[in-house]
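Below is a short briefing on selected parts of a predicted model. The points are grouped by topic.

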Amino acid sequence: MTATRILVLNSGSSSVKYQLLDMRDSSRLAVGLVERIGEETSRLKHTPLTGGDEREREEPIADHEAALKAVAAELTADGLGLDSPELAAIGHRVVHGGLKFTAPTVITDEVLAEIQRLVPVAPLHNPANITGIRTAQALRPDLPQVAVFDTAFHTTMPESAARYAIDVATADQHRVRRYGFHGTSHAYVSRKTAWLLGKAPEDVNVIVLHLGNGASASAVRGGRCVETSMGLTPLEGLVMGTRSGDVDPAVVFHLARVGGMSIDEVDTLLNKKSGLVGLCGDNDMREIRRRIDGGDEAAALAFDIYIHRLKKYIGAYYAVLGRVDAIAFTAGVGENAAPVREAAVAGLEELGLAVDGELNAVRSDEARLISPEYARVAVAVVPTDEELEIARQTYALVENPS
C-alpha cells in the first residue's frame with residue numbers, strides 16, 4: 001500500500017490546528033482545532049470529512065502532548081489513526097526559518113536546534129512550533145516530520161530588498177534583515193493566480209495582498225518573491241488588525257523617553273493595541289464597515305488609513321515589478337471584504353487597474369477575476385490554502401527526498 005496521507009499541524013502557543021489530507025487528489029479527510037491549551041477549560045473541535053458528524057467538546061487539556069493525543073484519538077475514531085500505514089508524513093508549519101531554510105526540510109536534531117536558535121527573532125511562534133514537532137515525534141518517531149517555513153518563499157528577495165540600511169556588522173551579528181512571513185500563502189496564491197490567467201507562474205508578475213488580522217503584501221516576479229512588506233518580524237508593513245505596520249523607528253525612542261514606556265510596553269502597544277483596533281477600537285472589518293455605514297467617524301478614518309497604506313504598497317510594488325499582470329486579494333479580509341478591494345484600486349485606472357462592481361460583490365469560495373475585460377491588469381480574489389500548500393510541499397519532499 002502506497003502511503004499518500006499527510007497530517008498538517010500548525011502549533012500555536014495555546015492551540016493546535018490540524019488537517020489530514022490524501023495527496024492522491026488533495027482531498028481533506030478531517031480538519032480540527034484544539035484551543036485554550038493549558039487553561040482551565042480547553043476546546044477540541046473535530047470535523048471528519050469522510051462521513052460522520054462534527055464533534056466538539058470542552059475539557060482540560062494540559063499541554064501540547066495531551067492535545068495531540070486527543071487529536072490522534074479523534075482521528076482513530078474515524079478510522080484515520082496516526083498508526084495508519086497510509087500516513088506518509090507529518091508536515092509542520094514553522095514561522096521562522098531564517099536564511100538557512102529556503103525549502104521544506106525533513107526535521108532532524110540539527111534542524112530543530114537551528115529553529116531553536118531562531119527563537120529570538122520569532123519569540124511568539126517558533127517555541128510553539130518546536131513543541132508541536134517534538135510532541136509529534138514522540139507519537140510517531142518512525143515517521144518523517146517535515147518543516148515548511150513561512151519565511152522560505154521570501155528568501156529569493158535580492159539583498160537590495162532584504163537588507164536594512166544599518167551597520168552591516170551589527171545587522172549580521174544579530175540577524176537583522178527582512179525575512180517576510182505568510183510565505184506559504186503567497187506561494188500558493190501567486191501560483192493559483194497564474195493558473196487563473198491560463199499562464200505558467202514563470203510567465204506572470206503578481207502583487208499578492210494577504211489581508212487578514214495579520215496582513216502582508218508581496219511582489220512576485222515569474223514565481224519568485226522579489227519584495228514583501230513584513231520584515232524582521234510580522235510587525236512591519238501594512239496596517240493590520242492589532243499591529244501598526246510601518247512607523248518611524250524613532251516613535252519607540254520617543255515613547256520611551258517622553259512617555260516613560262518600557263520596551264515591553266511599546267512592544268505590546270505596536271503589536272497588540274495598534275492597527276485598526278488602536279485607531280477605532282475594532283479589528284473586525286465587518287464591524288468597521290457597519291460602523292461606517294452608521295456614520296462613525298473614527299471607523300471611517302481607520303478604514304481610510306488602512307486603504308491609504310494598501311495603495312502605497314500597490315504603487316510601490318508596481319514600480320518594483322515594472323510590469324504587473326495581476327493583483328490577487330486573499331485571506332479573511334481580502335477574500336470577503338468587497339469594499340476593501342474596491343477602495344484599494346479606486347483611482348488607479350492609469351495603472352490599468354479597475355474592479356467590476358457586480359463581479360466584486362459576488363461571494364464565492366472559488367478563485368475568480370473581478371476586473372472588467374478591458375482592464376490591462378487583472379484583479380483576482382484567490383482563497384488561500386496554506387494547509388494544502390504545506391501538504392503538497394511535504395509530500396513532494398518525502399516522495400522525492402533527493
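**Helix α2**

- Helix α2, made up of residues 109–117, has Val 111, Leu 112, Glu 114 and Ile 115 among its residues as buried positions.
- Viewed down the axis of α2, the buried residues fall within an arc of 160°, so they line one face of the helix.
- Asp 109 and Glu 110 are exposed and sit on the face of α2 turned away from its buried side.
- The cover over the buried residues of α2 includes two strands written as β6 (87–94) and β7 (105–106), together with α3 (126–139) and β8 (145–149).

**The six-stranded sheet**

- Six strands make up an open sheet with mixed pairing, in the order β11-β10-β9-β12-β14-β13.
- Its edge strands, β11 (224–228) and β13 (368–369), each pair on one side only.
- In general, the strands of a sheet pair through backbone hydrogen bonds, in either a parallel or an antiparallel arrangement.
- Seven bridges join β9 (residues 205–211) to β10 (residues 215–221), and the two strands run in the antiparallel sense.
- Within that pairing, Asn 205 has Arg 221 of β10 as its bridge partner.
- β10 also pairs with β11 in the antiparallel sense, over four bridges.
- Four of the five residues of β11 are buried, which leaves the strand mostly covered.

**Helices on the sheet**

- Helix α6 (residues 183–196) lies across β9, β10, β12 (326–330), β13 and β14 (378–381), and runs at about 130° to β9.
- Helix α11 (residues 297–321) also packs on the sheet, where it touches β9, β10, β11 and β12.
- The direction of α11 makes about 160° with that of β9.

**His 210**

- His 210 is a residue of strand β9.
- Is His 210 buried or exposed? Its relative accessibility is 6%, so His 210 counts as buried.
- The side chains of His 210 and Ser 185 are joined by a polar contact of 2.8 Å.
- With neighbours within four places in sequence left aside, His 210 is in contact with His 182, Ser 185, His 186, Ala 215, Ser 216, Thr 330, Ala 331 and Glu 386.

How values were computed. Residues are numbered from 1 along each chain as its sequence is written. This is a predicted model: local features need pLDDT of at least 70, side-chain atom pairs count only at pLDDT 80 or more; totals for chains, interfaces and linings use all residues. Side-chain values use heavy atoms; hydrogens and water are left out. Two strands pair if DSSP finds at least two bridges between them. Contact means heavy atoms within 4.5 Å. Axes are lines fitted to C-alpha atoms, for helices over the stretch in contact, and angles run from 0 to 180 degrees between N-to-C directions. Buried means under 20% relative accessible area, exposed over 50%, partly exposed in between (1.4 Å probe, protein chains only). The arc is that of the directions from the helix axis to the C-beta atoms. A polar contact is a pair of N or O atoms within 3.5 Å; within protein, one must be able to donate a hydrogen and the other to accept it, and residues adjacent in sequence count only if both atoms are side-chain atoms.
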